[in-house]
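Colleague: Could you take me through this model, strand by strand and helix by helix? I would like each term spelled out where it comes up.

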Amino acid sequence: MKARVHITLKNGVLDPQGKAIEKTLGNLGFAGIGDVRQGKVIELNISETDPAKAEAQVKQMCEQLLANTVIENYSIELDAA
Amino acid sequence: MKAAVVLFPGSNCDRDTLVALERITGQKPAQVWHTQTDLPPADLVVLPGGFTYGDYLRAGAMAARSPVMAAVKKRAADGAYVLGICNGFQMLTETGLLPGALMRNAGLKFICKDVHLSVERNDTPFTRKYATGKPIRIPIAHHDGNYFTDDDTLARLEGEGRVAFRYVTKDGAPNEAANPNGSRGNIAGIYSDDMRVLGMMPHPERLIEPGLGGSDGRPLFEGLMEALS
């Protein structure tokens with residue numbers, strides 16, 4: 001099963017990279033752009049076939065390594081295909 | 001004072017740190033490889049600067065989960081002093097030995113220059129040889145030194161006197177102009193709640209004698225030697 005982890009900065013955490021992207025989008029002529037936030041996507045294959053167990057495993061990975069929960073939120077997507 | 005310096009793949013300030021410690025303490029520090037699960041006897045454990053694991057995922061994230069870090073955590077719990085410089089500070093926040101996180105510099109650029117720091121208190125083994133109210137000059141060299149923590153933790157750090165160093169102007173003002181990287185409260189270094197763990201972004205090991213351009217880093221190691229011998 002494939003797992004996809006989305007990692008984003010928590011609200012209130014300054015994201016200078018997001019700000020720079022927002023500014024450059026403005027420079028390129030994209031109007032009405034706001035609140036650009038940059039994050040990460042991590043994909044992995046997991047041999048566990050039970051979705052609940054797989055999600056629990058990926059959650060542990062997030063807590064222990066993939067995300068820094070001081071500054072980041074994460075969400076997990078599972079794809080059985 | 002017995003010191004141990006931990007080496008990781010991608011550490012690059014380990015040699016400066018070893019030389020500084022040896023010159024000042026007169027004893028060769030132990031070198032510990034990141035795969036070791038045990039530390040030699042040491043009063044002080046130093047996590048040196050560098051770019052361990054290429055800063056992959058987050059600066060210090062991989063090193064903070066390497067086998068040796070369990071031993072460092074245990075040693076800290078047993079009362080040893082731990083100093084994390086630059087990447088070492090990032091590791092200390094990633095392991096949870098210190099609160100907060102070091103984020104990308106607010107200006108997005110890698111910054112390598114001398115900065116002025118205030119010594120917030122001089123009643124710890126790390127700072128006893130410094131005078132408060134007299135800024136010191138120490139270099140920084142980092143891309144991710146922007147100290148962030150939530151309001152509650154920041155208030156706690158301030159209230160408990162756990163800010164070790166702040167970025168200040170040459171005259172000692174902790175204002176925005178003196179803040180190189182966007183750190184909250186101009187924080188350049190913090191202590192653990194028992195004041196035995198210090199994480200700092202600036203590099204005291206790089207300025208230990210006038211021939212290197214200055215010696216404001218030297219009192220930190222001298223103070224430790226005096227206090228821990």
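Colleague: In what order do the nine strands of the open sheet in chain B lie?

Modeller: This is a predicted model, in which local features need pLDDT of at least 70 and side-chain atom pairs count only at pLDDT 80 or more, while totals for chains, interfaces and linings use all residues. Residues are numbered from 1 along each chain as its sequence is written, and chains are lettered from A and ligands numbered from 1 in the order in which they are written. Strands here are DSSP runs (E, at least two residues; helices are H or I, at least four), numbered from the N terminus, and two of them pair if DSSP finds at least two bridges between them. With mixed pairing, the order in chain B is S2-S1-S3-S4-S11-S10-S9-S6-S7.

Colleague: Which are the edge strands of that sheet in chain B?

Modeller: Neighbouring strands of the sheet are turned by 25° against each other on average, direction ignored, where axes are lines fitted to C-alpha atoms (for helices over the stretch in contact) and angles run from 0 to 180 degrees between N-to-C directions. An edge strand pairs on one side only, and in chain B these are strand S2 (30-33) and strand S7 (136-142).

Colleague: Within S11(B), which residue is the bridge partner of B:Tyr191?

Modeller: Strand S10 (residues 187-191) and strand S11 (residues 197-200) of chain B run antiparallel and are joined by three bridges. The partner of B:Tyr191 in S11(B) is B:Leu198.

Colleague: How do helices H1 and H6 of chain B lie to each other, oblique or parallel?

Modeller: The axes of H1 (residues 14-25) and H6 (residues 218-228) of chain B come within 10 Å and cross at roughly 55°. Angles under 35 degrees count as roughly parallel, over 145 as roughly antiparallel, 65 to 115 as roughly perpendicular and the rest as oblique, so H1(B) to H6(B) is oblique.

Colleague: How many nonpolar residues has the contact of H1(B) with H6(B)?

Modeller: Counting residues as in contact if their C-beta atoms, placed from the backbone, lie within 7 Å, B:Ala20, B:Leu21, B:Ile24 and B:Thr25 of H1(B) meet B:Arg218, B:Phe221, B:Glu222 and B:Met225 of H6(B). Ala, Val, Leu, Ile, Met, Phe, Trp, Tyr, Cys and Pro count as nonpolar, Asp, Glu, Lys and Arg as charged, and the others, Gly among them, as polar. By these classes the contact has one polar and two charged residues, and the nonpolar ones number five.

Colleague: What is the radius of gyration of chain A?

Modeller: The radius is taken over C-alpha atoms, and the globule rule is 2.2 Å times the number of residues to the power 0.38. A compact globule of 81 residues would come out near 12 Å, but chain A has 16 Å.

Colleague: Which strands of the chain A sheet does helix H2 of chain A touch?

Modeller: The sheet of chain A is open and antiparallel, in the order S2-S1-S3, and its twist averages 20° from one strand to the next. Helix H2 (residues 51-66) packs on this sheet, its direction making about 150° with that of S3(A), and the strands of chain A touched are S1, S2 and S3.

Colleague: Which helix of chain A gives the most to the side that touches chain B?

Modeller: The contact between the chains takes nine residues from chain A and twelve residues from chain B. The chain A side divides into seven nonpolar, two polar and no charged residues. With three residues, the element that gives the most to that side is helix H1 (residues 16-27) of chain A.

How values were computed
Two residues are in contact if their C-beta atoms, placed from the backbone, lie within 7 Å.
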